[in-house]
Amino acid sequence: MTNQTDFITGYSPAPESTNLIEIKERYPLFIKGKFSEPQSGKYFSTINPATEKKLSEVAVANQADVDFAVKSARNAYKNVWSKMPPKERSKYIYRIARVLQERGREFAVIESMDGGKPIRESRDIDIPLAVAHFFYYAGWADKLEYAFPGRKANGLGVAGQIIPWNFPLLMAAWKIAPALACGNTVVLKPAETTPLTAMKLAELLQDIDLPPGVVNIITGAGDTGIKIVDHPDINKIAFTGSTDVGKIIQKSLAGTQKKYTLELGGKAAHIIFDDAAINQAVEGIINGIFFNQGHVCCAGSRLYVQECVAEEVISKLKDRMDTLIIGDPLDKNTDIGAINSKMQLKKIIEITQSGKDEGGVLFQSKCTTPKSGYWFKPTLISNVAQSSRVVQEEIFGPVLAVQTFRTVDEVIEKANNTPYGLSGGVWTDKGAKIFKITKQMRAGILWANTFNKFDPTSPFGGFKESGMGREGGIHGLYPYVELS
Amino acid sequence: MNSRIDIQKTYKLYINGKFSRTESGRYFPLKDSQGKTTVNLCQASRKDFREAVKFARKAVSGWSSRTAYNRGQILYRIAETLEGRKKQFIQELNHFGITKNNATQEVEITIDRLVYYAGWADKYQALFSSVNPVASAHYNFSVPEYQGVIAIISPNDNPLLGLVSLIAPAFVGGNTIVCLASEKNPLTAITFAEVLHASDIPNGAINILTGFSSELAEHFSSHKDVNGIVYCGENLELNKSIQENASENVKRIHYYDKINWLINKGQSPYFIMDHSEIKTTWHPIGS
């Protein structure tokens, strides 16, 4: 990565050093505590979306590889992990947390290189939250008897976990930590565009001497994922990704004994009342939609502004958008990094164009974007109808659809008028109004006078087509236990 | 000799707080333990089901916003009404082949089950809620909420108790319900609808249909405005297709396999949680 930015930010470049990181030329599969060549014999490249340059290559796991990984997880479950006293299990998870914390900078830099997110976010949010997640669930391992009133909890067995590319390491932590705490073993597949921090985590698991097979990490695309889903010796599937794929997985699991949790898409309503602290609300809107390039399932992608303040809010929003710095993800000044992949960029362009075609009015930040890599300027679309695609469909990019409203009942109706139900936001200075809105909004996470906040103690997950089950908090234990 | 001719009752569906015949005009006979047809029942159609879902959806906001105390009272009221008509239910179960002792036991447990869930109305939330100690200046809490419209296909064993054991936890959790009565022994379900009707439940909050799961399960499971589906039949093929259809709108699926509703394991607040969503709310702490 070059240290010079070729775009105008008004700031001198402040790039994070890549000196301390080590990325191997290729990563085989991590099974039974060892890196082993895939039986498929195949590898694929993972690139830096900000430069389009190859970073490394990772293996393609085929059926035989998936079988091997599941077998190794099953043996580890039977012979080691389920027999280990919970307090010892707990110590291994604590170890993961501490060593990850120690190596946080390295993970942050690789996360930004492999996925395109700004270093400020990977450094201050992704990695510390992943650490916190392990630390939090480590402590649950020997306290499960207190978590389920009137019931006794037992581990399920082998958990197959498929995670997305938007928060690669953090999602790995969300999946692995509660699974291990509850006594399960794991076969995890990171997304094909962002496998590197998962492979670095595999190295870390070796370093902390986690017993072989307790966590297996295998790479590949959707093909590998579906082999995990369909594997007969897996007891639980945890998936985070799109609603479309989630439905395919749910269908595939029909009639089986497997438990499953799905964390799927969203189209969050972000509601601004006239009595809100407008400047703070504007910051909230910006964070709500442009955090992580809008590659966030709970992004506040539908803005509803009360009519009497719409002009002010939108004007301030545009001013603020113009100050956003887009560019080198490794630059500490960068607000908006690279779009994660060419495919995702195409999708964002296509759906944004549809918004324009349907009569929407586009506003984009003034910033310039680098020549190589995948970029999309922060975008606001107004004059859109409730039925318009940019209002109904998840874009998963830095594109905000803006509508106005007059009354509380009207905005609740509009906010709930979607098959999704992951998150929502409301800004007002009136406490009673906050609770009226948050009570009536059909979504799993509601942010009042804030947005896009996450914490391992706080359950996360959706209503309706945004999925089922919770991750985080005491509720995040349920998916990984059988109660008797 | 008594020359009076008995009044033979005809049975209807229970949709939106009204007893109505199926729009399809179809009916099916029910034979008593001697094999004699004594009753005809409506064979509900897809259209009847869709009507029921429409009204169940309408009833969600009203029912779910009742206070927990009020929901508990209404469940208790159902128990009271049922207690008053105990004899009739025992007789009906007995008439269709269940021994008098078993019928008595079933009706009594059913009444007790309603009282059990009435008591949970304002308690399970405290048990399954949490105030989450997040590592930032925010107040953060999680509470269970209703899911919406729940479609229930009742079991054949213990036709009254099975039905009530499935309806009560979903209902007390603020959901509204469309329920298909036991196929083999549906009579008490419709009589139970009369109990519901006399117990102050809002119109549309519980709807009861009679008919065939082979015909209706497909519609129950594929309807886009249904949030959750419950099945406990022994037909594994049907179970699979129900679950496949349910994936079209990510329905919450509950397959209760061989649960003995007669014992205490047939009741628990975890059944309420099966029809609940956890909602988490954040607010900054500051000036």
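**Note on the contact between chains A and B, and on chain A itself**

1. The contact between the two chains takes 34 residues from chain A and 29 residues from chain B, where two residues are in contact if their C-beta atoms, placed from the backbone, lie within 7 Å. On the side of chain A that touches chain B, at least two residues each are supplied by H8, strand S18 (445-448) and strand S19 (467-468) of chain A; helices (H or I, at least four residues) and strands (E, at least two) are DSSP runs, numbered from the N terminus. The residues of that side divide into 15 nonpolar, twelve polar and seven charged, with Ala, Val, Leu, Ile, Met, Phe, Trp, Tyr, Cys and Pro counted as nonpolar, Asp, Glu, Lys and Arg as charged, and the others, Gly among them, as polar.

2. This is a predicted model, in which local features need pLDDT of at least 70 and side-chain atom pairs count only at pLDDT 80 or more, whereas totals for chains, interfaces and linings use all residues. Residues are numbered from 1 along each chain as its sequence is written, while chains are lettered from A and ligands numbered from 1 in the order in which they are written. The predictor gives the complex an ipTM of 0.96 and a pTM of 0.96.

3. Strands of the two chains also pair, which requires that DSSP finds at least two bridges between them: S18(A) is joined by three bridges to strand S12 (residues 276-284) of chain B, and the two run parallel. Here A:Trp447 stands opposite B:Trp282 in S12(B).

4. A:Gln250 lies in helix H8 (residues 243-252) of chain A and, leaving aside residues up to four places away in sequence, touches A:Leu262, B:Ser247 and B:Val250. A:Gln250 counts as buried because it has 26 C-beta neighbours inside 10 Å, the rule being that a residue is buried if 20 or more other C-beta atoms lie within 10 Å of its own, exposed if 12 or fewer, and partly exposed in between.

5. Within chain A, three strands form an open sheet of mixed pairing, in the order S1-S5-S4, and its edge strands, S1 (26-27) and S4 (43-48), each pair on one side only. S4(A) is joined by six bridges to strand S5 (residues 53-59) of chain A, and these two run antiparallel; A:Phe44 stands opposite A:Val58 in S5(A).
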